[in-house]
Amino acid sequence: DRDHAKRFEDYGRFSPDRRSPAIYLNWYDAMMFSIWCHGYLPRELEWEYASRAEQRNPDGTNARYYWGNTKELLGEHAWINTNSDNRCHVVGQRGKNDFGLFDTLGNVSEWCRNLVVEPIAKDGSERRPLRGGTYSYQAYLSECSAREYFRPHYASAILGCRVLRIRRE
C-alpha cells in the first residue's frame with residue numbers, strides 16, 4: 001500500500017527513512033504483506049530459532065541473545081530505548097546474527113503467525129504474538145525469548161513484521 005505511511009500523521013517521525021522498517025502494521029497488514037512478498041509470517045518458534053541462530057550457553061541452555069548472555073552488548077546489536085532516540089533506524093546498522101539476519105532484536109516488534117493460547121484474554125478475544133522488542137523498550141524486553149501479544153487489529157509505531165521465504169535449491 002503506497003499510501004500506508006500517509007494515513008499516520010507521525011509516521012515520518014518514528015520511521016524517517018525509506019530503508020527503516022514499515023510501522024503501524026496490524027497483524028492483518030503483516031499477513032497481507034507477507035503473502036504479497038510470496039512469503040509468510042513466522043510462527044513464534046521459527047522466529048525465535050531465526051533470532052537466536054542456535055546460540056547456546058556452555059551448559060547447553062539457550063543464550064539470552066544471539067551473541068550470548070552479555071546484556072551490555074545489546075546496544076551494539078539492537079535499537080532499544082537507550083540508543084534509539086525513540087524512533088526506528090535503517091535496517092542493518094547493528095550487528096547481525098550467525099544466520100546473517102539483522103535487527104531481530106530491537107527496532108520494531110515483529111508479528112508472528114500463530115495464535116496466543118495461554119494465558120487467555122479476560123474478554124476471550126483473539127491475540128497474536130510479537131517478538132523482538134522495539135526501539136522504545138528496555139533491554140529485558142529485547143531478549144530472544146521475550147514475547148508480547150496484542151489483538152490482531154492493533155497497530156502502532158512500534159509494530160512491524162519479518163517475512164520468511166522458503167529457499168528452494
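Reader: In α3, which residues are buried?

Author: In this predicted model, Glu44, Trp47, Glu48, Ala50, Ser51 and Arg52 of α3 are buried. The term requires a relative accessible area under 20%.

Reader: What covers the buried residues of α3?

Author: The cover includes β1, β2 and β3. Helix α3, residues 44-52, lies across these strands, β1, β2 and β3, and runs at about 5 degrees to β2.

Reader: Which residue just after α3 takes a positive phi?

Author: Ala53 does, with a phi of about 55 degrees.

Reader: What makes β1 and β2 paired strands?

Author: Pairing requires at least two bridges between the strands. Two bridges join β1 (residues 109-111) to β2 (residues 128-131), so the pair meets the criterion. The two strands run antiparallel, and Glu110 has Arg131 in β2 as its bridge partner.

Reader: What is the order of the strands in the open sheet?

Author: The four strands follow the order β3-β2-β1-β4, and their pairing is mixed.

Reader: Why is one side of β3 and of β4 left without a neighbour in the sheet?

Author: Strands β3 (147-150) and β4 (159-160) stand at the edges and each has a single partner strand, so one side of each has no neighbour in the sheet.

Reader: Why does Ser142 count as buried?

Author: Its relative accessibility is 0%. The cut-off is under 20%, so Ser142 is classed as buried. Ser142 is found in the loop between β2 and β3. Leaving aside residues up to four places away in sequence, Ser142 touches Tyr65, Leu74, Ile80, Leu105, Gly106, Gly132, Gly133 and Thr134.

Reader: How much space lies in the largest pocket, and which residues lie nearest its centre?

Author: About 890 Å³ of space lies in the largest pocket. Its lining has 28 residues, with His4, Tyr11, Pro21, Ala22 and Phe33 nearest the centre. Helix α2 (residues 27-36) gives the largest share of this lining, four residues. By class, the lining of the largest pocket divides into 13 nonpolar, six polar and nine charged residues.

Methods:
Residues numbered from 1 in each chain as written. Predicted model: local features only at pLDDT ≥ 70, side-chain atom pairs only at ≥ 80, totals over all residues. Heavy atoms only, no water. 1 Å grid on protein atoms, 1.4 Å probe; cavity = no way out; pocket = protein on both sides within 12 Å on 5 of 7 lines; lining within 4 Å. Points joined across faces, edges and corners; volume = space filled by probe spheres on them. Nonpolar A, V, L, I, M, F, W, Y, C, P; charged D, E, K, R; others polar. Contact = heavy atoms within 4.5 Å. Axes fitted to C-alpha atoms, helices over the stretch in contact; angles between N-to-C directions. Buried < 20%, exposed > 50% of the residue type's maximum accessible area, 1.4 Å probe, protein only.
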